[in-house]
Amino acid sequence: MEHKSLDLVCFGRSSVDLYGQQVGGRLEDMGSFAKYVGGSPANTAIGTARLGLKSAMITRVGDEHMGRFIRQTMQAEGVDVQGVKTDPQRLSALVILGIQDETQFPLIFYREDCADMALCEDDIDENLIKKSKALLLSGTHLSTPKVAAASRKAIALAKKHGTQVVLDIDYRPNLWGLAGHGNGESRFIADKNVSEHVQAFLPDIDLIVGTEEEFHIAAGSEDSLEALAIVRSMSKATLVCKRGALGCRVFEKHINGWQSGAKGPGFEVEVYNVLGAGDAFMSGLLRGWLGGEDWPTSCAYANACGAFAVSRHGCSPAVPSWQELEYFLAHGSEHRSLRFDPVLNHIHRTTNRNKEYTRLAAFAIDHRHQFIKWAKAAGKSLADVAKFKLLAVQAAQQEAGEDKGFGMLVDDKTGRAALHQITSTKAWIGRPIEASGEFPLQLEAQGDIVEHLFDWPLNQTVKVLCPYRLDDDEQTRKHHEQLILKLDKACRFTGHQWLLEIITARDGGVPAFEQVAPIMQHFYDLGVKPDWWKLEPALENTYWDKVGQIIDQNDIYCQGIIVLGLNSTIQQIEEAFLAAAKQPWVKGFAIGRTLFAQAAQSWLQGELNDAQAIELMAQKYRLIIAAWDNAQAQK
């Protein structure tokens, strides 16, 4: 038996879905769209990866922005993308779709001569199939001679290497040339030629999954039980028939009525969006089947994943993580519309992050009122500040740009060019939303927070510095709490991660370290759950133990804590790191003035040139990174 380091390799369709964000109207009347990875095999690759399987993808994407988006998104989700080929001539497939009502889901396929339909025999990586437990094929990639030939080769390689073959019938009449461009949502048109073509593949399949209508096209019969019996006569595969609200049935041998098939529990939820439900179902089914579970358990996984999908927006984004699925199966939900369940939504959002950090070394250059004061004292303008912040980006990238934990905090007000430059890299990006130097806290954004955040790229983490203390007057505390609650809600709506920075020090004074853990608990009690905390640099181990315990008790899905600098000396920061690094929730630092204050003031005064300023900042950044790594090594 060959070693199988992969659970699943998915073969065929990949695209970009542009999903209408307005619900309850025609596609003609939708005004904005959310962008997701789409295509049944690509959705299943992402879904199974979220559920803990080791998944890979074989497809083609265009040599353009959407092709890179497909590749990078799958990679971020944990899918092995070495089998994703770049087509230099064709565009990535595109689908525009929407939710009109409970039964109408209009969609338009842009797939003429698209990249994934050019997938050919030479594109198939035999080693991927060899080391995978299962190969998943999509019915769409049986529909033309080129992709059918590629599918046959993939099946032959699977048979050669003992890899089980799964067929998702995935019947879209439109993709077989049987419906017009405006009828993309059509699910069934009988066609003898399609039935005969699909039947030629059935003897070599080990697991066949489809809706009743999809088994109708596979068999050439519109009686469901008869269709299943016809498919059974042509294949020894296990047959899984999806029946919508009735759940599913699994037939390993003869078909003797619906009761002869195994089933799992169903879940009664609101039908909000059927698009992608089958791919979520397949993801859960394969998680059980490839994990060695029995069919009732596998069906429970599948039905639950399908329930999540029909209650959410999007296809692959709707699939739950393994942690979320486990929680749902154990606890259920009080909400028939699962997308309104706050506990499930928090688990979904936090366990499906594109990147988790075990180490973060962030150069903070988001300061504003300090730079404005220094520029005024030197007779310089905000344009000079903006130029200096570009020098800071250059220094930071020069010193740590290849570090997987490299990050920067940059503002839009005095550092817009720097912010745009660093946002286009792989760095962790934090961007402040608070007005600089204001007390009590005010947001720099005018008007509704959600409207403001819609302009922010999703790879920018929203950072808010909250000067909160327990001994402030009630009015001040309530003001801060209400703003933070609004920001938390807004970030959950837009999909941005966010960072809550707690500063208890006032006017250059000593931080009230004893208040920080109670402040964190208070915000958790209010329902606030930031992705990150940014805290003052205490020297005592007990302080870090207490704040770590607060996270343990309230949000095990938090990204973690990063240490701020408060313009401390490098030696003081080294001492704080030695204490902080012992706490597992502390993932690194975001240090600012310690790194750039001397260089900035000297450069603005004309005492340093560009190269000297860059070198001075890089040198200090190097020392801070070394101090953190040393503290980590000693814990």
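Visitor: What does Arg368 form a salt bridge with?
Guide: Arg368 pairs with Glu434, and their closest N and O atoms are 3.0 Å apart. A salt bridge here is a side-chain nitrogen of Lys or Arg within 4 Å of a carboxyl oxygen of Asp or Glu. Keep in mind that this is a predicted model: local features need pLDDT of at least 70, side-chain atom pairs count only at pLDDT 80 or more, and totals for chains, interfaces and linings use all residues. Residues are numbered from 1 along each chain as its sequence is written, and side-chain values use heavy atoms, with hydrogens and water left out.
Visitor: Are Arg368 and Glu434 buried or exposed?
Guide: Both Arg368 and Glu434 are buried. Buried means under 20% relative accessible area, exposed over 50%, and partly exposed in between, with a 1.4 Å probe and protein chains only.
Visitor: Which residues are in the network of salt bridges with them?
Guide: The network links Asp366, Arg368, Glu434, Glu444, Lys463, Glu501 and Lys534.
Visitor: And how many salt bridges are there by this rule?
Guide: The count comes to 37. One of them joins the side chains of Arg359 and Asp629, at 2.9 Å from N to O. That pair links distant parts of the chain, 270 residues apart, with Arg359 in the loop between α11 and β13 (360-365) and Asp629 in helix α21 (residues 610-634). Helices (H or I, at least four residues) and strands (E, at least two) are DSSP runs, numbered from the N terminus.
Visitor: New topic: which residues of helix α10 are buried?
Guide: In α10 (residues 322-331), those are Trp322, Glu324, Leu325 and Phe328. They sit on the same side of α10 because they cover an arc of only 160° around the axis, taken from the directions from the helix axis to the C-beta atoms.
Visitor: What's on the face turned away from that side?
Guide: The exposed residues Ala330 and His331 are there. Just after α10, Gly332 takes a positive phi of about 65°.
Visitor: Okay, sheets. What order do the strands of the open sheet have?
Guide: The 4 strands run β3-β2-β6-β7, with mixed pairing. Two strands pair if DSSP finds at least two bridges between them. β3 and β7 (107-110) stand at the edges with a single partner strand each, so one side of each has no neighbour in the sheet.
Visitor: How do β2 and β3 pair?
Guide: They're antiparallel, over 6 bridges, and Leu18 stands opposite Lys35 in β3.
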